[in-house]
Amino acid sequence: MALTREHDLHKRRQGRNIGVLVVLLAFVALVFGLTIAKMTTGDQLQGFDHTYRIEMDPGARTGEAGQ
Amino acid sequence: MTDIRADIADQSGPGDAGFGDYVQLLKPRVMSLVVFTALVGLVVAPVRLHPVEALAAIIFIALGAGASGALNMWWDADIDRVMRRTAKRPVPSGAVEPGEALGLGATLSVLSVVMLWLATNALAAALLAFTIFFYAVIYTMWLKRSTPQNIVIGGAAGAFPPMVGWVAATGSVSVEAVLMFLLIFMWTPPHFWALALFMNSDYEKAKVPMLTVTHGRRSTRNHILVYTLLLAPVALVAAFTSIGGPIYFAVSLVLNLLFVIGAFRLWMRREERAEADKYAAEKRFFALSLAYLFLHFAAFAVEATPWADALSAYAGWEAVTWL
């Protein structure tokens, strides 16, 4: 005989807890994936670096520096 | 040692919903339509997003739609309880408390908008925020109970997702995005009024001023025909934009022909005849309306493939430059 009495309530709560866990893990994975995606496709990120960056100068890329 | 679990076992109450009840609160069937149309909006856009960004955009647009669904269920619990079609929803059935629905809806609204902003751009997030506001406040709280045109104006909420998808990719609104919006906007009235024709008693019981309740079935049939005739050119014009092409045009032509014939049949029908066959034609028209929207958007998606481009080039099909 089981020591504790199982109730439908426990099953529902367990299901809910597992569901929330899965959703939270999926959210973390999505935010992580987004961060990586933004960093790998992020030419624009360099725009926030307030100094001259040769990579940001189209003229410099073709040999006609815009300075 | 006290068996705590046995102690609390008798305290099961309305607040002890299962995970599935919360999922139901987000209207998963509506969400699936939103996912599909928003995905098409993303796919047909001329700018390609990174796949993870695109996935995030779709998830947050769907989450925003789900949030507005939860807010709708919170506000409409009283009429949902009366209507047979909605009586088993989580709030009227007692599985989820109204406050929980409000909390979940409000939290997910904010989360989805902020996350869509971070994942894509501010305009897409603003459009999503407006969509949630439009559905939850303008439609649910105001129009639904006050005017028989509720479905017409409220249909805008369901029409925004492909536009949000397009804007998430491109960062701006264009004629293609507007046409996808108009396609769903104009399709919504005949779709819902066909449903109302054979679910009239539900709306009457709940005192929702659907056109069938306020103006009768004859007037509803007239309205269905007029809106279907107005919808056809909107659907066909999209064939001559950058998201259309010969495949879309062929699909749209057939579907609009069937839809107009269907609407014309409903318009011709007498009430006694409809009652006699238990609204068989109305139910068929409703089923056709679902296929109509799905196939139009599927055709848009097909037109975005390289094979469709090759076919367009072979056929000498050129999109008209609108702006």
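This note walks through a predicted model with chains A and B, point by point.

1. **Ground rules.** Residues are numbered from 1 along each chain as its sequence is written, chains are lettered from A and ligands numbered from 1 in the order in which they are written, and side-chain values use heavy atoms, with hydrogens and water left out. Because the model is predicted, local features need pLDDT of at least 70 and side-chain atom pairs count only at pLDDT 80 or more, while totals for chains, interfaces and linings use all residues.

2. **Chain B overall.** Chain B has 16 helices and 0 strands. Helices (H or I, at least four residues) and strands (E, at least two) are DSSP runs, numbered from the N terminus. Of its 323 residues, 52% count as buried. Buried means under 20% relative accessible area, exposed over 50%, and partly exposed in between (1.4 Å probe, protein chains only). Contact means heavy atoms within 4.5 Å. Among the contacts in chain B with a separation of 6 or more, 74% join residues 24 or more positions apart.

3. **The annotated span of chain A.** UniProt, in an unreviewed entry, places a "transmembrane region" at residues 18-37 of chain A. UniProt positions are given in the numbering used here, feature names are shortened, and annotations may be inferred rather than shown by experiment. In the model, residues 18-37 of chain A are 100% helix and 0% strand, and the end C-alpha atoms lie 28 Å apart.

4. **How much do the chains bury?** The size of an interface is often given as the accessible area lost when the parts come together. Between chain B and chain A the buried area is about 2000 Å², and carbon and sulfur atoms give 62% of that. Buried area here is the accessible area (1.4 Å probe) that two parts lose on being put together, summed over both. In residues, 25 of chain B are in contact with 23 of chain A.

5. The rule finds 1 salt bridge between chain B and chain A. A salt bridge is a side-chain nitrogen of Lys or Arg within 4 Å of a carboxyl oxygen of Asp or Glu. The partners are Lys38(A) and Glu53(B), at 3.0 Å from N to O.

6. **The side of chain B that touches chain A.** Helices α1 (4-8), α2 (19-25), α4 (51-75) and α6 (98-119) of chain B each supply at least two residues to this side. The largest share, 6 residues, comes from α4(B). By type, the side divides into 15 nonpolar, 5 polar and 5 charged residues. Ala, Val, Leu, Ile, Met, Phe, Trp, Tyr, Cys and Pro count as nonpolar, Asp, Glu, Lys and Arg as charged, and the others, Gly among them, as polar.

7. **Around Arg145(B).** Asp76(B) forms a salt bridge with Arg145(B), with the closest N and O atoms 3.0 Å apart. Asp76(B) sits in the loop between α4 and α5 of chain B and Arg145(B) in helix α7, so the pair ties together parts 69 residues apart in sequence. Asp76(B) is buried, with a relative accessible area of 0%. Arg145(B) is partly exposed at 32%. The side chain of Asp78(B) also makes a polar contact with that of Arg145(B), at 2.8 Å. Asp78(B) lies in helix α5 (residues 77-82).

8. **A salt-bridge network.** Arg217(B), Arg221(B), Arg269(B), Glu271(B), Asp277(B) and Glu282(B) are linked in a network of salt bridges. One of its pairs is Glu282(B) with Arg221(B), at 2.7 Å from N to O. This pair links helix α15 to helix α12 (residues 216-237) of chain B, 61 residues apart. Asp277(B) and Arg269(B) form another salt bridge, at 2.8 Å.

9. **Two backbone angles to check.** Lys278(B) has a positive phi, near 55 degrees, and is not a glycine. Tyr279(B) likewise has a positive phi, about 60 degrees. Lys278(B) lies in the loop between α14 (271-276) and α15 (280-303) of chain B, and Tyr279(B) is in the loop between α14 and α15. Lys278(B) counts as exposed at 64% relative accessibility, whereas Tyr279(B) counts as buried at 9%.

Terms used. Polar contact = N/O pair within 3.5 Å; in protein donor to acceptor, adjacent residues only side chain to side chain.
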